[in-house]
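Please look at the sequence and the structure shown below before reading on. The paragraphs after them lead through a selection of local features.

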Amino acid sequence: QWYQRRVVGKQISESGFDHMFIRCGIYGPTTMGQIIDGKHMQRCLTAYMILYLALHEVMLNNIFEDDQLTRDQVNAAITTFSTKVGPSYETQSALLDLFDELTEELKKTDYYEKVKTYRSNLKKQAKFFDNIMTSIEDLMMFIRATRTANWKMHLQSLSQLVKYFFALDFQNYARMTPVYLASMKKLQTHDTETWTYLDEGNFGCWTSDIPFVCLGGDHAIEQGIRGFKTTGGPSHMTSDHDAMNVYFKSAPAMARTVTDFKQTYHIKKKDERDLHYELTGGSNRVLCSNVRLMVEAMNEMDVTFNESDVVHNVMSRCVLENDHGLLNICELGRAAEDTFVTERILGDEPVWSPMKKLKLYLFRDSVKAVKVKVAKGFVIMKEERGMMTKWMIASKNRPEIDLQAIIARHEFTVVPRALCSADGMPHPCKDKYLLLSTLEEHVGYQVTPPAKPPAKASYIIIDAMAIVNKISIELPQNKINTVQDFGDHFVKRVAGESRGFENVLLVFDRYDFPMSLKAMTRDQRTNGKQVQFRLAHNTDIGKLKTKMLLSHVKTKVTLTKILAERAEEAFIASEASYTVVYGETIKSNMDMMANETDHTQEEADTLMIKLVNVIISAVTSSYIVVSSPDTDVFVLLLLPALTAHHQRQTGVDEWNKIVFRTGTKAKHRDLPMDYFIGKLDEHHVAGMVGFHSFSGCDQIGTYHGISKARLLKLYLASTSDEVRCFSMLGEDDVDMEALNGGLEQFLMKAYMTKGIVAVSIGELRW
C-alpha cells in the first residue's frame, strides 16, 4: 500500500494543503514529509481522512448554499442517525443497519444525485479538489476490500488505482498490476476451485474475530515476523546453521504454543476489545477536532468549490501555469493503462520493454529551485516546510538577520524544553534517591548499622507512613484480616524501631490538606487507579493488597487516625514519653510539647524538622534520630544539624547530636549529620536545600538530560562563591541580579560539554 498512499501524497505536495496541516498544528514538518512520501501508514490514512472530510464539508456547504430545504432534510436525517447510534451499538450488523436507514433517508432527498451532478461539472480549482477526494476514495475502497476480505471488491478497487500508477510514473507497479489483475480474472474460467477459494475471503489473514481487521499478505508477513522476535529468537541474522534453526523453528514453535495455550484457556490481553479500535476510545473525537481545524483554515484561506479560472496553491495563492496534467490525471492515466493492456497484455510486446513516462506537471514541479550562497559554496534550496531550515539558509545571505542573537533571545517553543515536555508537563525527577548515595561516596562515609541509643535524652522521630507502606497485607505470615490486625502489626513495628529510646515522636503525613501540591505525585504513583474504602476496626481487608488499600487519600485520612489512636494507646500502656501527630492534631505527654496542640504543615517531611527544632530549643544535650526513607528529610535536616554543629564548635560541654536513619535490610544504616557537615564546606551545607529544589524534587521538575548525581557532583566541585546563590533561594530582600547570575552560571556549567564555551544562556542555546 506504500505506492497507493504516495498517489495522494504526490498530488497534495506543495499544493498548500501540506502547509495547512502544519499551520493547524495537526502535524509537524517532519511528520508531514513522511505522510507525503507514504512512509507511515496510520498517519497517512488519518491525514487523508481529515483532508477528505474537510473538503467534503466545504463542498456540501457550496452545493446546498442556496438549497435550504435539502440542507434541512439532510441535517434531520443525520441528527436522527446520531441519536440512534450513541453508545448503544454492539455489533457490526447493528451499525450497518443504521447506515442503511440513513442511506434510504438521504436517497429520498435526492442527496446523492445532486452531489454526483455537482461533482461531474467541476472545473479548474474545484476539479483539483475533486481529484484529491476521488483518489482518497479509491484508496479507502481498496483498504475496505482488504479489511473485509472481499475478493471482487479487491480486484475492482485495485483496477481503479492502476491509472494513478501510470499517471504518476510508478512504473514497476504500473507494469505488474495489470498482469496481476489479468491473471486473477483468468482464474474465474480456468481455475474455478482457486477462484472460489479466494472469493471466500482467503486472500487475506484474519488475526481476530473483530470485524474490519483482515490483513493483506504483506502486512500479515510483517506481523508474522514480529512473532519470531520472542524469547529464543536471535537479535540478528547469522550464517550459523544452528542459530538459523533457532530463528526459523524454535521461535515460531514457541509462539504457536503460547497462542494455543491462550486460546484453550480463553486468555485475553488486558486491552483486547470486542469492537474495532476506531469505534472505541477517543480516536474519532480527535479526528473530528482536527477536521474542524482544517475546515476553519480552509474558510480563512477562502477554499471553495465555486468556479475558478486558475489552479493555485491554497496557502500562497501562487498559480500553477500548466495545470493540464494535474486536472486530467485520471483520464491520462487511464489512457496510458489502456495502451499498455492492448499492446502488452493482449498484444505481443513484452511487459518489461521500455515504457515512456508521462511526467505530468504537478505542484511540486512548480517549486523553483534557488541557489543560495553560503560560506563554503552554494546550496540548492527549494521551498521548505521547516521554518528553521529556511532561517539557517536565508541568514547566510541576509547579513541584517542576526540568527544567533534571535535564537539566543527566543526559544521558539511554547514551553522551555529544558524544563518541560512538549505537552507542558515538567520533567519528573525520577532519580532523587541518587543524592544520598552520591553524597555518601563524596564524603567517604563507611556504612554503620544503627547504634544503641544512650539511656537518657534520646529521641526518635519516626515517619509513620514509611512503616505503613512496609506492611504487606498479602503475605500469609502476617495474618492480617482486619484493620485491627493491621493496627497491631503497625504497633509492633513502631515498638521495634523505637526500642531503647526514651522519647518517641510518631509523625503521619497529612491527607486532608486542600489543594495539596502532592496530589499530582500521588496520582502518578497509583496510575489514577484509586479506590476508597470506609474503614472501621473490624473492616475485613484480608483480600486486599496494601497498595490498593492506600490508593485513595480519604481512606488514608481514616486509616492514619485509627493507627495514631492505636499507637497512642500502646504508648500510654507502656508509660512511654510520646508525641503522635496526624492530620492537624498533635497529642503528646512531653512537657516541651505542651503548647503544641495542632499544626499547619502540609507534609511529614517539614513537620519532622519542626519537631527537631523544638527538641533543640528545649534540650541542650540530646541524641536525636530521625527515621525516614525520604531524601527530602535528610536535606532539610542539614540546617538544624548545622546549628548543632556550630553549638559544638563553641566548646560547650553539652550539645545535640542528630542522626538520620534510613535504608532497609542490609542497607539499614545511621548517618550522623555532624560527620557530613564536617566534611562539607559551610556554604555547600547552607545551600543544599536550595540546590535540591533547583535540581528537581517531588513538586519541582528536573532538567532534561542531566541526572541528579551529575548536578550534585558539579555542586560539590564548585567554590563557595559559586554556590552562594543557592542559599539565597527562599530568602527575602535578596540581590536578584546576583541570584539569577549565579544560577545561570551553574546551569551553563552543567550543560556545557567538552569543546563548548559560552558566557550566557543565550549563547549556550545557540
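What follows is a guided explanation of a sheet, its strands and helices, a group of aromatic rings and a few backbone details. The model is a predicted one.

We begin with the sheet. Seven strands form an open sheet in the order β6-β5-β4-β3-β7-β8-β9, and the pairing is mixed. At the edges stand β6 and β9 (669-672); each has a single partner strand, so one side of each is left without a neighbour in the sheet. From one strand to the next, the twist averages 15°.

How many of the residues of β5 are buried? Six of the six are, so β5 is largely enclosed by the rest of the structure.

The neighbours of β5 can be described in turn. With strand β4 (residues 503-507), β5 pairs in the parallel sense over five bridges. Asparagine 503 has serine 577 in β5 as its bridge partner. With strand β6 (residues 585-588), β5 runs antiparallel, and four bridges join the two. Here threonine 579 has serine 588 in β6 as its bridge partner. β5 and β6 form a hairpin with two residues between them, and glycine 583 in the turn has a positive phi of about 55°.

Elsewhere in the sheet, strand β7 (residues 623-627) and strand β8 (residues 657-662) pair in the parallel sense over five bridges. Serine 627 stands opposite arginine 661 in β8. Helices also pack on the sheet. Helix α20 (residues 434-443) touches β8 and β9, and its direction makes about 65° with that of β9. Helix α26 (residues 604-618) touches β3 (458-463), β4, β5, β7 and β8, and the direction of α26 makes about 170° with that of β3.

The next topic is the aromatic rings. A pair of aromatic rings is described by the distance of the centres and the angle of the planes. The count for this model comes to 27 aromatic pairs. In one of them, the ring centres of phenylalanine 691 and phenylalanine 726 are 6.0 Å apart and the planes are at 75°, so the pair is edge-to-face. Since planes over 60 degrees apart count as edge-to-face, the angle settles the description. Phenylalanine 691 lies in helix α30 (residues 688-695) and phenylalanine 726 in helix α32 (residues 720-728), so this pair ties together parts that are 35 residues apart in sequence. Are these two residues buried or exposed? Phenylalanine 691 counts as buried, at 0% relative accessibility, and phenylalanine 726 is buried with a relative accessible area of 1%.

Phenylalanine 726 also forms an edge-to-face pair with phenylalanine 694, at 5.5 Å centre to centre and 75° between the planes. Phenylalanine 694 lies in α30 and phenylalanine 726 in α32, so this pair ties together parts that are 32 residues apart in sequence. Both phenylalanine 694 and phenylalanine 726 are buried. Ring pairs link Phe691, Phe694, Tyr703, Tyr715, Phe726 and Phe746 into a cluster.

Helix α32 can now be placed among its neighbours. Its buried residues are Val723, Cys725, Phe726 and Met728. These buried residues pack against α29 (682-686), α30, α31 (708-717) and α33 (736-751). After α32 comes glycine 730, which has a positive phi near 90°.

Another helix contact involves helix α4 (residues 41-63) and helix α7 (residues 111-120), whose axes come within 11 Å and cross at roughly 100°. The two helices are therefore roughly perpendicular to each other. In this contact, His56, Met59, Leu60, Asn62 and Ile63 of α4 meet Tyr111, Val115, Tyr118 and Arg119 of α7.

Finally, the backbone has some details of interest. Most residues other than glycine have a negative phi. Lysine 359, however, has a positive phi near 50°. Lysine 359 is found in the loop between α16 (329-345) and α17 (363-366), and it counts as exposed at 67% relative accessibility. Glutamate 575 likewise has a positive phi, of about 55°, although it is not a glycine. Glutamate 575 is found in the loop between α25 (553-573) and β5, and at 72% relative accessibility it counts as exposed.

Conventions:
Residues are numbered from 1 along each chain as its sequence is written. This is a predicted model: local features need pLDDT of at least 70, side-chain atom pairs count only at pLDDT 80 or more; totals for chains, interfaces and linings use all residues. Side-chain values use heavy atoms; hydrogens and water are left out. Rings of Phe, Tyr and Trp (its six-membered ring) pair if their centres lie within 6.5 Å; planes under 30 degrees apart count as stacked, over 60 as edge-to-face and the rest as tilted. Buried means under 20% relative accessible area, exposed over 50%, partly exposed in between (1.4 Å probe, protein chains only). Two strands pair if DSSP finds at least two bridges between them. Axes are lines fitted to C-alpha atoms, for helices over the stretch in contact, and angles run from 0 to 180 degrees between N-to-C directions. Angles under 35 degrees count as roughly parallel, over 145 as roughly antiparallel, 65 to 115 as roughly perpendicular and the rest as oblique. Contact means heavy atoms within 4.5 Å.
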